[in-house]
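The following questions and answers examine how two chains meet in a structural model. Please consult the sequence and coordinates while reading.

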Amino acid sequence: MSQVLLVGSPNSGKSLLFNKLTGLNQKVANFPGITVGTHSGHCRHYPELELVDFPGVYSMHAISGEESIALDALSHALNEGDVSSVLCVVDSTRLEKGLVFALQLQELCGRYGKRLLIAANMQDVLHKHDLDFDAAGLEKAINMPVVPLSAKTGEGLETLEKVLATTPGDITAPAVASDIIGRDENAYRGEAEQLARDFGPKGDLLLKTHSRADAFFLSSFTGGVSFLLIMYFLFQSIFTWAAPVMDAVENSLLWLSSLVLPHISNSIAFDFIDEAIFGGLGAFLVFVPQIFVLTLMVGMLEDSGYLSRAAVICHRPLRAFGLTGKSFIPMLSGVACAIPGIYAARTIESPRRRWLTYLAIPLMPCSARLPVYALLISAFIPAESVLGGWVGLQGLAMFGVYLLGIMAGLLVTALVSRTIDDHGEDAPFVLEMPPYRMPSWLPLLRGAWERSKHFVTKAGPVIFWVTMVVWFLGYFPNFGADLGESWLGVLGHIIEPVFAPIGLDWKYGVAIIASFLAREVFVGTLGTLFGIEGAQDNVISLSERVQASGLSVESGFALLVFFAIAAQCVSTLAVLARETGSWKLPIQMFIGYGLFAYASALGMYHLVGALS
Amino acid sequence: MIRITIRIKSVMVLPMEKTRKDDSVRGSLWQLRRGESCVINGFDEAMQQRFKVRLTELGFRPGASVSCTVAPRLGAPKLYRVANAVYSLEKQIAEMVSTKSQFT
Ligand SMILES: Nc1nc2c(ncn2[C@@H]2O[C@H](COP(=O)(O)OP(=O)(O)OP(=O)(O)O)[C@@H](O)[C@H]2O)c(=O)[nH]1
């Protein structure tokens, strides 16, 4: 077994190449710095080769936390691992950019006596524009193998695999010219530019359409309007596109329960399967299609190149809140899930702004909040459209509650950034603009599928156990005859005073307490509780049960606000502790956001009460 | 035939190839307006060494020609093209890059 280390500058196509070579599904995105952490997999045709994908770095001189992590990991692997080769992926359309790093790597690999190869990616783009690339010339000039290829079309991959599979001894090790050692960045860049001029594609690759698109997407008027429209469309799509699939999931569950339940004679087992499995776990599964659509849409925006432009648009406004345009991507990833958002924040060079971004991420409306929002919105907001059918009220409410989370995040960072000193560790905003590309649908669909699967497999067991415990405590000792008299009822009444000021009875209190494990548990818990209570009813949806439970509109809104703010996810807090190296921030967040959530919910309860 | 015409049309010509050079204009990268190009002179003393290194590696180094492809209003970061790549730089850093020989 030998390792091949895959490195290269951000957005050179490393992830796509890695996926093609290993058959794994790593997320591919058209935004510099999306690969976080290293991933490894075996080469499909030469399983004895293990490929390790590293986060993209521009040079050996790290300026962000992520780059330092990548470079440390690289040195570590070169030192300890059984490395046969280092494969540096460069974007042939921007050759000089990738070659700066490749030349620096040549020095490093020379020191460790490792073979370095260049994968000259994006050849398909060059072919499309009839541009030539002199791989043989470059190979000779820099004295290392250069394989022209396209990770997209698969061209050149076979050759690459063959070269990788040959033992380095078969190939003359790169002789490091003595003048390479001790060179400065200016010399590296100068040589890279010269090499790109001599062997790279001749001609201007910057397409006019790209600049035109940039002028459109970045102008203060059309850029601002399109930004808002794109974000609005994103949230509408969560409802409108996912709705038919959600109905299908719900109907299949109903069909399945009607198939299974008649065969169960034991009444306790019947109640358990009906209430805990179909009521609790099923209530959560219904929302998975929305997570799929959301991941797909965010992935599409990333892949198209738009997200980098959105970061530019957001930079000035975000600065006012103590953040940077680079906080936009972690925050938007946080809309899917806070955990990838926290990892993505590594690309922010300034430690202070990264820390402020951490504060904002848990307030981003993550997909675990989605089931809770969707449940409450469908219970309280009519499924009607206004303005000629263009604006769905439920979608609008969703947009509103999403906006609330975002505003709360910005408010916190604005306040904190004004009270905490900058110790001169700020870093300027410099961001590469990738070309606009047609999103590659297959990896995107696969990515959304993987994320949904991950969500189900990760959250599923937690929900299952919580549902079991809740059902058990709610069903006994009186076999579901009276929920209020059950063990859970007794416990619930003890905590009821905490939630009474926002008009919530003990059942909601229990569901909220359970949701501190993971937010989506709220829906499963409620599903189980109402399942036990309403066992005699015909099967009705959970949102109808919430409506029928006598929950007032003001309490519904207060609950929405509570869930928008509280830091209820154990995994997020654990990842934050790992990233920041201590539990200080997660604990502060948990307490601070808990109190903030409760106070805001109380405020909302009284505000809606006064208005209605 | 038609394909060729489209291809030629869609390729942007570097503004500096067809325009006038003015060696007397000295300023900062931030002063560049959309469509204008310049040659980089150096970095402000106050800029931290690690950022000088990074900008140099990205191609913003003394003697390099850079053009501004988009300059949004309201102080948003501007887009600069250097060789075949485009980077967005905010005011604080672009102001610290001094330029000479502006092309308009
Ligand atoms: N046309 C074309 N596009 C490609 C090719 N390889 C990658 N891409 C696209 O380039 C973009 C960046 O690809 P990634 O694989 O995410 O790049 P990366 O180097 O891993 O980037 P980081 O995660 O930032 O390090 C994506 O939109 C890919 O679809 C290629 O050979 N041809």
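**The contact between chain B and chain A**

Q: How many residue pairs are in polar contact between chain B and chain A?
A: The model is predicted, and the count takes in pairs with both residues at pLDDT 80 or more. Between chain B and chain A, the number of residue pairs in polar contact is 15.

Q: Which element gives the most to the side of chain B that touches chain A?
A: Helix H1 (2–10), helix H2 (49–58), strand E4 (65–70), strand E5 (78–82), strand E6 (85–89) and helix H3 (91–94) of chain B each supply at least two residues of that side. The greatest contribution, nine residues, comes from H2(B).

Q: How many residues of the side of chain B that touches chain A are nonpolar?
A: Chain B brings 41 residues to the contact, and chain A brings 46. On the side of chain B, ten residues are polar and ten are charged. The nonpolar residues number 21.

Q: Which side chain of chain A meets Arg54(B) in a salt bridge?
A: Three salt bridges are counted between chain B and chain A. In one of them, the N to O distance is 2.9 Å, and the partner of Arg54(B) is Glu67(A).

Key
Residues are numbered from 1 along each chain as its sequence is written. Chains are lettered from A and ligands numbered from 1 in the order in which they are written. This is a predicted model: local features need pLDDT of at least 70, side-chain atom pairs count only at pLDDT 80 or more; totals for chains, interfaces and linings use all residues. Side-chain values use heavy atoms; hydrogens and water are left out. Contact means heavy atoms within 4.5 Å. A salt bridge is a side-chain nitrogen of Lys or Arg within 4 Å of a carboxyl oxygen of Asp or Glu. A polar contact is a pair of N or O atoms within 3.5 Å; within protein, one must be able to donate a hydrogen and the other to accept it, and residues adjacent in sequence count only if both atoms are side-chain atoms. Helices (H or I, at least four residues) and strands (E, at least two) are DSSP runs, numbered from the N terminus. Ala, Val, Leu, Ile, Met, Phe, Trp, Tyr, Cys and Pro count as nonpolar, Asp, Glu, Lys and Arg as charged, and the others, Gly among them, as polar.
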